[in-house]
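Before we discuss this two-chain model, I would ask you to look at the fold of each chain and then at the contact between them.

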Amino acid sequence: MLPAEIYFRVFERSPIGKLVYVWESPPELGSFRLIAQNSAALRFGSSREELGQPIAANPRLLATDVPARYANVLDTGEPHFFELDWENDGRLIHYELQCFPVGERHLVVFFTDSTHKKNVEESLARRLRELERSNRELDDFAYVASHDLKSPLRDIHNLATWIAEDLGTNLAPDTARHISVLRERVERMDRLLDDLLQYSRAGRGPQVTEQVSLREVVREVEALLRPAHHEIVVESDHDVIEASRVAVMVVLRNLIANAIKHDDRPNGRIFVSLTPSDEGTFLDVRDEGPGIPPRFHERVFRLFQTLRPRDESSSSGMGLAIVKKIAESCGGRAEIESNGRGTIVRTLWPKPGAS
Amino acid sequence: MKSPAVSVLLVEDNEVDREGVRRAFARHRIENPIIDAVDGIEALEHLRGLAGRARLSRPYIVLADLNTPRMGGLELLRELRSDPELRDSVVFVFTTSCSEEDRQSADQLDVAGYILKNEVGVGSVRLIEVLGRYLQVQELSR
């Protein structure tokens, strides 16, 4: 095959529509004459009758801004990309066109029918909007539900307290016990709602990152939880993590509270450390408690999951779900390492800006 | 002559909370009379002597829930502060809302105190701490 023939076949067989125009004089908008079209162009809606004709012979095309764009390409010598909606046989087609000059008077147009691509993009964008809306609604729902459910709960608690107060010593032992269980259940539900509220807020709002000192946050968490029999040990050379301070605080509070709550010995130590890596910084909270069997590692991150009967533990089963949601909303992740005794909960905090 | 005791205009639509205030008063032997209004509109009717209600005579304080039907506590406060006759009313806010925004709005409207309703299991300690002390001081200065 001769090189000229190879060039011709490349032009002819390319799956991209190709048109070649020559701008005849006088150089008016209508005087672009089509001198070549490939088979893909015909497939995409260019017709054989147009070949050899000036744009002036196609009033509908002349009425668009396309000829002016062509003229501008030849005037400036700059390639140009644009999109065009064009009706062909009653069907609206979306074209993407690239045109560039060849010499001073010739113009080449590459174009594809991107109707399908555009439809897909639009439907994706629509679904994304719907998803965002339903996520927002879900968050709002969790927030409103947990907030509004607290009020009747408070009433129930008050009423139970007053009944016990008013009956005083006339209370039968069973009734006294029932009232005390009733109040305890109400308190439990109140904690659940608090945690649900915390969960729905987790990862909301703008994430402002700053240089957070691990030791400082641990001190604050300690002051908040006031562990009676547990020691919290910061065991790392690195102290600073660049992250949202509130996010680190909530994650540490939940993990340390968990470690204390689930320890099966009267006292123990909880170790906190930072490890930089290529992905970002790992924040580990390690305890010496009973450990979590590997088959439960995935389960414990789900909402409302606990591994112990509700009566034995004050856990709402939301701590790790909150940790996971926060880590993920910061672009990181949370995972568990535990085999036998002791558990490490590891959260990854990516470098800000890297995604 | 002894001036009359300070009455408490309680603006609260939840009857359990209304009873909670009465019980807390009784328990701490606070004998100031309590007048109920379910929302801001009813509170204004008491304060202005409208809708066939007797006008509440001074001295009084207002203990208002933020979230009541028809007219909430903040709206009531705005109404009071723009009324030349009522603008010097002493108002305590009584609410479950710990929203910073509500708090700031209340502060700007010059509230005497912001009392959080008791959390489950905590009791009405704060109410008595804040309000009881205020009423005591009023009592002593009579």
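Predicted model: local features only at pLDDT ≥ 70, side-chain atom pairs only at ≥ 80, totals over all residues.

1. Residues are numbered from 1 along each chain as its sequence is written, chains are lettered from A and ligands numbered from 1 in the order in which they are written, and side-chain values use heavy atoms, with hydrogens and water left out.

2. In chain B, five strands form an open sheet in the order S2-S1-S3-S4-S5 with parallel pairing; helices (H or I, at least four residues) and strands (E, at least two) are DSSP runs numbered from the N terminus, and two strands pair if DSSP finds at least two bridges between them. The edges of this sheet are strand S2 (34-37) and strand S5 (113-116) of chain B, each of which pairs on one side only. Strand S4 (residues 90-95) of chain B runs parallel to S5(B) and is joined to it by four bridges, and B:Phe94 has B:Ile115 in S5(B) as its bridge partner.

3. Helix H1 (residues 15-27) of chain B packs on that sheet, where it touches strand S1 (7-11), S2, strand S3 (60-65) and S4 of chain B; contact here means heavy atoms within 4.5 Å.

4. Chain A also has an open sheet of five strands, here in the order S2-S1-S5-S4-S3 and with antiparallel pairing. Because strand S2 (32-37) and strand S3 (80-88) of chain A stand at the edges with a single partner strand each, one side of each is left without a neighbour in the sheet. Nine bridges join S3(A) to the antiparallel strand S4 (residues 91-102) of chain A, and A:Phe81 has A:Gln98 in S4(A) as its bridge partner.

5. What does the contact between the chains involve? It takes 13 residues from chain B and 14 residues from chain A, and the area buried between them is about 1200 Å², of which carbon and sulfur atoms give 49%; buried area is the accessible area (1.4 Å probe) that two parts lose on being put together, summed over both.

6. Four salt bridges are counted between chain B and chain A, a salt bridge being a side-chain nitrogen of Lys or Arg within 4 Å of a carboxyl oxygen of Asp or Glu. One salt bridge is formed by the side chains of A:Arg154 and B:Asp17 (3.1 Å, N to O).

Note on methods. Axes fitted to C-alpha atoms, helices over the stretch in contact; angles between N-to-C directions.
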